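Biologist: Before I use any label on this model, I would like to hear the rule behind it. Please take me through them.

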Amino acid sequence: MGMVYAIIEGVRDIWSHKFRSFLTIFGVVLGAAALMTMSAITEGMARGMRDRMLSTGNNEKIIVRNGSPPPEQAGLAESSPGLTLEDAQAIKENGNLVAWVSPGIETKILATVGNRRDRTSLRGGTLDLLIQDMHDPPIGRFFTDIEIEQKRRVCVLGGRVYEKLFPGNYESAIGSTIQINRISFQVIGIFPFYLSLRQEREVASGEYQRKLEKRNERRGQNRFLLHDVFPWKNDLIVIPITTFQELFKSEAGAHQVIGENIPVDSIQVGTRDPNRMEDLISQVRSILLIKHNGIENFLIQDFLDNIKEVDKQVAAARLSGSLIAGIGLIVGGVGIANIMLASIADRIREIGIRRAIGARAFDIFLQVMMESLILAMIGGALGVATSYLLVYFLDAIAQIPHRPVVTWGAVLFSFSFSLVTGFFAGVYPAVKASLLSPVEALRYN
């Protein structure tokens with residue numbers, strides 16, 4: 001018996017017992033669909049977590065903050081200033097692993113426009129602040145090197161601050177004047193309001209607008225306002241760092257300026273090679289020790305542990321989800337094995353006749369295996385199609401926090417696992433059928 005004949009016979013037997021075959025295939029369909037859907041959910045969760053991390057650039061930067069020197073250097077603390085703008089310049093000029101350097105100062109302020117008020121964060125920075133927090137280009141523009149040098153009173157608003165002070169009117173915002181702690185600043189740019197993937201879907205579907213209308217009906221309560229998942233990008237006002245130091249150093253608690261040596265709260269440093277973060281940390285530490293007369297009155301923070309923790313959580317979710325879904329597919333395989341045994345019991349006399357007229361044991365084995373594999377193949381294909389429907393439901397209707405992502409790898413894995421399940425499910429029935437004695441089989445009624 002050839003392979004083609006075995007396939008034809010397998011299809012004929014499946015078609016002649018349609019309802020029984022449907023019940024057999026149904027278990028495989030559910031198992032394959034569950035496996036592929038779980039893979040899509042975990043892939044979406046992984047991409048969402050990575051996108052959130054990438055939105056901060058944490059996987060490619062370190063942050064240097066002011067800190068207390070070690071006990072053995074406590075008596076020398078006064079002889080070394082804290083972090084300064086000159087430190088940032090030294091890191092930028094002397095670090096061959098450094099891609100960008102962004103010094104910053106921050107404090108809380110009250111911003112007002114007419115009768116609108118907003119308590120928010122004021123951040124003094126340089127041009128590299130755009131890279132530091134992965135900002136999109138602002139509407140309008142960002143400040144320039146000349147404006148930093150001349151300590152101009154210009155500012156760029158975060159998306160949430162803009163919505164609070166200039167609701168829905170970009171044209172009136174750009175070029176207008178706002179009061180920051182009663183000091184006048186000109187608005188030259190506005191950052192977009194950064195949303196999560198789920199919130200972007202809510203805006204596109206109109207759900208966000210409905211929430212805002214409900215909030216307005218409740219007299220402006222924030223209960224229905226979208227949660228700000230990027231407060232460090234939305235809830236702030238950015239001004240030149242030199243302007244900040246000149247006008248707000250007392251609010252920020254900054255040290256006294258010595259010449260042009262402007263103190264800063266932190267220095268963020270981007271790397272040219274994310275795989276050499278340890279080398280970057282050593283390089284920055286060496287440069288700062290030289291600038292600070294050997295006194296280590298600073299702390300260097302990296303995010304390697306955070307990145308590893310995210311990868312660990314994603315791997316654990318993917319493994320647990322696959323195991324649960326895989327169990328369902330194995331149950332479907334047990335169903336195939338059970339039905340194949342029942343099918344053999346119904347066809348014992350037929351098998352005996354075939355053996356008597358010359359069919360080999362391998363021919364019987366091949367026919368049963370083909371029937372098992374065809375059942376698994378049909379179930380796997382229908383399972384993949386069902387999974388696409390489930391993913392659509394979860395994304396468009398249920399709108400789970402992280403959009404499910406179907407990959408070709410997941411499709412191939414689910415379909416292949418279905419075939420493997422069908423193969424192992426058919427081995428025992430096929431062996432049992434091939435070992436039947438022709439004489440005993442012909443006696444069976």
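Modeller: Residues are numbered from 1 along each chain as its sequence is written, and side-chain values use heavy atoms, with hydrogens and water left out.

Biologist: What is the mean pLDDT of the protein chain?

Modeller: The mean is 80, and 83% of the residues reach 70 or more. The pLDDT is the predictor's confidence in each residue, from 0 to 100.

Biologist: Where is confidence lowest, and where is it highest?

Modeller: Helix α1 (residues 3-16) has the lowest confidence, at a mean of 64, and strand β5 (residues 154-157) the highest, at 96. Over residues 254-259 the pLDDT is below 50, and this stretch has eight contacts in the model beyond near neighbours in sequence. A contact means heavy atoms within 4.5 Å. Where pLDDT is low, the predicted coordinates should not be read in detail.

Biologist: How many helices and strands does the protein chain have, and what makes a run count as one?

Modeller: There are 17 helices and ten strands. Both are DSSP runs numbered from the N terminus: helices are H or I with at least four residues, strands are E with at least two.

Biologist: What share of the residues is buried, and what does buried mean?

Modeller: Of the 445 residues in the protein chain, 46% are buried. Buried means under 20% relative accessible area, exposed over 50%, and partly exposed in between, with a 1.4 Å probe and protein chains only.

Biologist: Which residues touch the most other members of the largest nonpolar core?

Modeller: Ile-178 and Ile-237 do, in a core of 58 residues. A nonpolar core is a set of buried Ala, Val, Leu, Ile, Met, Phe, Trp, Tyr and Cys residues joined through side-chain atoms within 4.5 Å. Leaving out residues up to four places away in sequence, the residues that Ile-237 touches include Ile-109, Leu-122, Val-156 and Ile-178.

Biologist: Why is the pair Lys-291 and Glu-86 called a salt bridge?

Modeller: A salt bridge is a side-chain nitrogen of Lys or Arg within 4 Å of a carboxyl oxygen of Asp or Glu. The N to O distance for Lys-291 and Glu-86 is 3.8 Å, so the pair meets the rule. Lys-291 lies in helix α12 (residues 277-291) and Glu-86 in helix α3 (residues 85-94), so the pair ties together parts that are 205 residues apart in sequence. Lys-291 counts as partly exposed at 36% relative accessibility, as does Glu-86 at 37%. By this rule the count comes to eleven salt bridges.

Biologist: With which residues does Arg-123 form salt bridges?

Modeller: Arg-123 pairs with Glu-106, the closest N and O atoms being 3.1 Å apart, and with Asp-133 at 2.9 Å, N to O. Arg-123 is in strand β3 (residues 116-125) and Glu-106 in strand β2 (residues 98-113), 17 residues apart. Asp-133 lies in the loop between α4 (129-132) and β4 (139-140), so its pair with Arg-123 ties together parts that are ten residues apart in sequence. Lys-61, Glu-106, Arg-123 and Asp-133 are linked in a network of salt bridges.

Biologist: Why is Arg-123 called buried?

Modeller: The relative accessibility of Arg-123 is 9%, and buried residues are those under 20%, so the label follows. Asp-133 is buried too, whereas Glu-106, at 36%, counts as partly exposed.
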